Structures are given as structure tokens and as C-alpha cells.
Amino acid sequence: MLRPVHLRTLFDRLARAIITVGGLATIVSILGIFFFLFREVTPLFTAPSAKLTQRLSVPALLVDEGPAQVAVDEHREIAQVFTSGAIQFFDLASGQPIPLEMPAQVTSRQITAMASGGGNAPRLAVGTADGEVLFLKVGTTTEFTDRGERRKRPHIRAGQPIPLTKGPIVRLAYRANDHGSLLALLSKGGRLLVVRIAADDVAGDHPIITELPQPKGVVTALALDALLENLYVGTADGQVVHVALSETESPEMRAAYTVAASSTAVTTLGFLSGDRSLVVMSEDGAVSTWGLVRRADAPSGWTLTRTHTLRAHNAPVTAFAPSQRVKGFVTGDRKGNLFLHHATSSQTLLRLATSEFPIRAVAFAPKGDGLIALDGAGQLSLYQVQNAYPEVTLETLFGKVWYEGYDQPAHVWQSSSGSDDVEPKLGLLPLAFGTLKGTMYALFLAVPIAILAAMCTSQFMHQDLRAKIKPIIEVMAALPTVVLGFLAGLWLAPLLERMLPAVAAMALVLPVLVIVASFAWYLCPLSVKRHLPQGQEALLLIPLMGLGIAGCLWANPFIEGWWFDGNVKAWLSSRLGIEYDQRNALIVGIVMGFAIVPVIYSIAEEALSNVPKIQIAGSLALGATRWQTVLHLVLLSASPGIFSAVMIGFGRAIGETMIVLMATGNTPILDWNWANGFRTLSANIAVEIPEAPHGGSLYRVLFLAALLLFIVTFVINSLAELIRQRLRDKYSHG
């Protein structure tokens, strides 16, 4: 039988082992969380790559100097080459042409220009040497055998030719939507025409043809947007002419913009996915994106403005193709180089030396995981591309970016939209700012209240009263934050909106009442003070402050009429330029401050109460007043604990989710204004992660936000511990 001493030793060792294992498990868990977050974030910053997987020689029939287009299906199994000679499909597995009967309308005509309908549209428009336009529908049909094997069969259908002009068509742009088709073409004689074909005019028997005035320079490129509202004309003298189009009115030549160096021809024009950003490529190899931006001094209210400048080629740009999924595009030049760009991040991601011959045509695979290029020697080059997160860089995450539709560069978080064509805006700075803003507003309210309350209960309050008040304050920490957020968003926010004048009055009235009451108590004779035990004087403030609050609430309409001209929100807007949102930083400061007051109070009160009583008695014996003793002795001795309390409250506030999620309006903006909302990193993760596609850019950026919170909290807590240790060493007493 074990003796009591041995039994106690055994329990001590067991407790030590359990504590050690628990501590090690905590450390391992924290490291595990860190490495998991790091693993999910790392792919965002992997370098893009491209691998040449196949190179084919097309038949001699397809090698010529005329227009050319290429395409590849989503599985990268069938390639399509379309030149002025013919249309040919290739089986990429075998490298052999796929037999295809060409429509008579194509074989009997000389093709001099061609243009795609845009996006995923399988329709093509081709211009002929006779001044006709022919619409083609080219694509593949997928079939499955009885064994489940997938087979693809190419097909091509052609409509009847539509005569539009005399002489060959040398430039052509084409777009189609539910309202009809629109063509812009340039004839060899220099005529620039806009042709509109209604949706119900299937055969094109009644085209509406409008001839545009000849620009100053020779026309070298044409581009139409998907809305059929804007035509851009590139010229040989480095200008782009903007033509506004309308279904009911004649085309309007808006303005001419210099987009390239003097006497440098615009070689190619094209649109990114979504058709909002115009890509301009020139003879000197320059590549840039442009967009219509609101300008008050512009005649039409809009002006074409350069938004991004990409890496330039060292030869004239001869081919362009946009990605169908992101704001990326590929350009080819006369020396056989391919450049892979991304507009949002202003990056040129890859440079591929395909051949020594000019690039005649290039295209993305529909999934964005491949490229196909046709060069002047008649070779088809197929690349496999790894470029999963082109829109994510340190600059796009934390710097200003000029997004489509914006008048200037800005910090923006907007991960989703009503259209897949809108570029994701993944700026983390507004979220980091919102996190800091919410934390500062909460601490601004909680720190003075919690520390002063701790000073009052530990140093001035009667022990019986302290024994009742301290547990009540600490129980507040058990309130669920989701309940506090619910009350903040649905009860406090509309109440504060109605009672804002009364709240403003309370900020002035209540401190004055406390000061006056304290001074009156100080002047009271001892015969009056003896009736209330020392340390319970604060109880007198409760009814006094209750009366002050009730008076301010009663006077709310009178205060609003006298002080705020009858409408506090209009007064804030006109006088201070503050637009009041119902869910704002003030609401979060009040409610989240209320949530962290118990945390700060409890730790600070323990630190103040643990100051040795003998030191306090010695200070009082030497003639110091109670207040002087608290300020000059107790606060300094307890400063390490008070600092720890504030840092723990800071960590509690910076990671708060539900209160800010339900009470801020979730507006990711950069503004310290107390009257508008914000969005924090933690709330953003809670909102976005359920809808984020696994492994996508948004998914990994949310993990990056979590990693940033993890690192910031770790660094702040580590620094706080170092400072606490130094304070303890400085002010500790043996």
C-alpha cells in the first residue's frame, strides 16, 4: 500500500506529465494550423508555366499570306485552322487532318478577311474578294459510343453570301447578340462601312448599311464590342477613333485618341473577356489596355484612357487572342514570340519563342489551360499552360488597381458579381483596414471603461459591494457574440438612428453630472457622509445617471430640432459631409466594446488587487492620498497585468466575427468615419468561404486572409509578452 507521501508524488508526476503533454499538443496544433494555412496559400504565388506538347505542319493549301484563325476544343483533342485557302480540322492525337466536306459557298470564293463573333460563339464572318460577307457556323459535335467512348466530329455550315460593297473586303469586325448582328468592314477602295442585320433577318436580305467618314490615317484595325454600341478604328498614324453606335440613330464619330508613338501604326485591336477593356497593339511592339472612363470635361462625358501597360514585344504585334475565363490574353509578333499577359495585374506572365516565323494566328483553349498558334511557315504549335491564379499578386492584394469600369485605380474587394465576365477584385487592404477600424473603435470604448472600473472596484469600492459587482461584470463575458450581433443589428442600430441626438447629448451631460456629483459629495459635511459606508459612494451615481439618460431621451426631439436643425442625418451630411449608415462603426464600437469589457476588466482587476497591501499602507502612512497612491504606485505595479489585459482584449476584438458580420453592413471601404460600415478579415472569411470554389483564387485568398490574421495575432501577442516581461522586471517588488 502506497504511503500518502508517495501517492502525492505520483499525482504530482502525473499532473506534470498531463500538463506537459497538453502544452506540447497545443503547440503542435498551432503549428499544424499554420502549416495547413501556408500549404493552401502557397499555390497563389507559384510561377506560371507553358510546355510545348505538339507541333504539326499544316497542308500547303493553308499556308498563305491572307487572314488566318485557329481554335482548339476544350479537351485539346481537335484543332481548327481557317485561312483564306480553306478550313481544316486536325486530330491532335494522331496529327492527321480530319476529312471534312467544305460548303460550296466557301470553296467558290476567295476569302480576304475574317472575324469571330466573340466569346464562345461558333459563328464566323468572312469577307470575300467580291465584296460579300458570308456567315459560317463552325464547331464540333460530341458523341458517345455504346462503350462510353467520346468521339468528336467537326462540322461547318454556311449561309448565303450578302453583297455589301464593290471590291475586296480587307478589314472586318463582327459581333452578334440577341438583337442581331453588326459588321464593320473596310473595302480595298477605303470605304469604311457599318452594317447592321436584324435578328429576324436570318438571310441578311435587308442589311442597314452606313458609310463612315474616312479617318485621317489609313485604317489598320477594327474592333466591335459585344453590346454593339462601340466601334474602334485603329490607324497607321497611331490613333484609335471611337465611333458610338445605336440601333435608332446614325453612328457618331466621338473622338480620336493617340494610343501609340508618333507615326507608329496600330496593328491589332481586340477586347478582353467581357468586352469592356480594349487591347491596343502597335507596330513598335507596344501592348496596352484602354477603357472608357467618365470625365466631366469630355464632350460625351467619357474618354478613352490607358489603364494598363504590358511588356512590349521587340517586333510588330501580329496576333491577339483573349482568354474566355479571365482577364488574360496572348499576343504574337513578327519574330515568332508569344507573350502571355494578364490585364488586372499588369503582368506579362510568360514569353514563349515559338519559331522564327511571324505568328499569324493564336487562340486560347476554352478552359484557359492551353494555347495554339499558327506561324508563317504553316506550323501549328500547341502548348499546355499552368496559370491558375494570374490575378493574384502582392500588388493586386495590397496595392491600388485600375479595374474595369473605375475612373481611377482603387483598393477594392468584390469577389463576385452578376456576370462571369467581371474581373474579381481581391484587394485585402480594405479588409485589413476594416479589421483595424473595428478593433480601434471597440478598444476606444472598452479600455477606459474596463480599466477605470477595475481601479474603482479594487481600490475604492467596499468589499461587500465589490463581491457582488465583479461577478456580474465577469458573467457578461459568457454572452454569445451571435446574440450580441443580433441585438446590435436588429435592435440597437435602428434605435440609435432615431436617438442619435440623445446619445450625442449623453456624451456631454453624463460626464458633467458625474463631475458635479463628485464635487458635491466632496463638499458634503462628515455628518452626512457617515450615513453611507466608505466605498459605496458610487451607488449614488446610479439614480443620477439614470435621470440624466432619461432626460436626454425625453429631450431627443427638442435636441434634434435645436441642435441639428430638425434632421440629424441631413445636418451631418450638409455640415460635416458625413453620410450616416444605420449599421456603422459606432454600433460595432459600442457592442464589441461591451463584449470585451469583461475580458479586460477581469485581468486588470486581478492585477490591481494583487499589488501588496503593505505597499499601499506604506504610501498612505507617508501622507499620500488614496488617489495619489493609486496613480503613482498601484498602476505602475500592476502595469504588466493591465497591459496583458489590453492585449488580450485586442486579440479578442481583432478576431471577432459575428458582431461585425451582423452590425457593420459588410462594406469593404477605406474610411475612418464612425458613421459608415466596414468589413473585417474574419467576417469576410465567414461570408465568402461557403461560396468559394474549392482550389480557386477566392478560396486561396480567403486562406491567405486567415494566415494574415494568424501571423498578426502571433506577432502582437509575442511583442506584448516581451513588453509585459520588461514592465514586470521594472516595476516588480521583492
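These are my notebook entries on a few things I looked up in this structure, which is a predicted model.

**Entry 1: salt bridges**

I started with charged side chains. The structure holds 16 salt bridges. I picked out a few to follow up.

My pick to begin with was Asp275 with Arg175. Their side chains meet in a salt bridge, with 3.0 Å from N to O. I then checked where the two partners sit. Asp275 is in the loop between strand 19 (266-271) and strand 20 (278-282), while Arg175 belongs to strand 11 (residues 169-177), so this pair ties together parts that are 100 residues apart in sequence.

Are these two buried or exposed? Asp275 has a relative accessible area of 15%, so I noted it as buried. Arg175 comes out at 12% and counts as buried too. The cut-off I needed here is that buried means under 20%.

**Entry 2: Lys470 and its partners**

Next I went to Lys470. Its side chain meets that of Glu605 in a salt bridge at 2.9 Å, N to O. Lys470 lies in helix 5 (residues 463-475) and Glu605 in helix 12 (residues 585-609), so the pair ties together parts that are 135 residues apart in sequence. I wrote down that both Lys470 and Glu605 are buried.

Lys470 also forms a salt bridge with Glu606, and here the closest N and O atoms are 2.3 Å apart. For the numbers, Lys470 has 11% relative accessibility, so it counts as buried. Glu606 has a relative accessible area of 34%, so it goes down as partly exposed.

Which residues make up the network here? I found Arg466, Lys470, Glu605 and Glu606 linked by salt bridges.

Four strands form an open sheet in the order 2-3-4-5, with antiparallel pairing. Strand 2 (68-72) and strand 5 (96-98) are at the edges and have a single partner strand each, so one side of each is left without a neighbour in the sheet. Neighbouring strands of this sheet are turned by 30 degrees against each other on average, direction ignored.

I also looked at the pairing inside the sheet. Strand 3 (residues 78-83) and strand 4 (residues 87-91) run antiparallel and are joined by five bridges. I spotted Phe82 standing opposite Ile87 in strand 4.

Most residues other than glycine have a negative phi.

Arg76 is not a glycine, yet its phi is positive, near 55 degrees. It lies in the loop between strand 2 and strand 3. Its relative accessible area is 23%, so Arg76 is partly exposed.

Ser346 also has a positive phi, about 55 degrees, although it is not a glycine. I found Ser346 in the loop between strand 25 (337-342) and strand 26 (347-353). At 33% relative accessibility, Ser346 counts as partly exposed.

**Entry 3: the largest nonpolar core**

Which residues touch the most other members of the largest nonpolar core? Out of its 81 residues, they are Trp413, Leu428, Ile587, Ile600 and Val701. Helix 12 gives the largest share of this core, with 13 residues.

Leaving aside neighbours within four places in sequence, Ile587 is in contact with Ala488, Leu492, Ala493, Leu496, Gln582 and Ala663.

**Entry 4: aromatic pairs**

Last, I went through the rings. The count comes to 16 aromatic pairs. Phe34 and Phe38 form one that is stacked, at 6.2 Å centre to centre and 20 degrees between the planes. Both lie in helix 1 (residues 4-41), four residues apart, which is about one turn of the helix. Phe34 is partly exposed at 25%, and Phe38 is partly exposed at 45%.

For another pair I took Trp562 and Trp563. Their ring centres are 6.4 Å apart and their planes are at 45 degrees, so the pair is tilted. Trp562 is exposed, with a relative accessible area of 70%. Trp563, at 34%, counts as partly exposed.

Going back to the phenylalanines, I noted that ring pairs link Phe34, Phe35, Phe38 and Phe710 into a cluster.

Note on methods:
Residues are numbered from 1 along each chain as its sequence is written. This is a predicted model: local features need pLDDT of at least 70, side-chain atom pairs count only at pLDDT 80 or more; totals for chains, interfaces and linings use all residues. Side-chain values use heavy atoms; hydrogens and water are left out. A salt bridge is a side-chain nitrogen of Lys or Arg within 4 Å of a carboxyl oxygen of Asp or Glu. Helices (H or I, at least four residues) and strands (E, at least two) are DSSP runs, numbered from the N terminus. Buried means under 20% relative accessible area, exposed over 50%, partly exposed in between (1.4 Å probe, protein chains only). Two strands pair if DSSP finds at least two bridges between them. Axes are lines fitted to C-alpha atoms, for helices over the stretch in contact, and angles run from 0 to 180 degrees between N-to-C directions. A nonpolar core is a set of buried Ala, Val, Leu, Ile, Met, Phe, Trp, Tyr and Cys residues joined through side-chain atoms within 4.5 Å. Contact means heavy atoms within 4.5 Å. Rings of Phe, Tyr and Trp (its six-membered ring) pair if their centres lie within 6.5 Å; planes under 30 degrees apart count as stacked, over 60 as edge-to-face and the rest as tilted.
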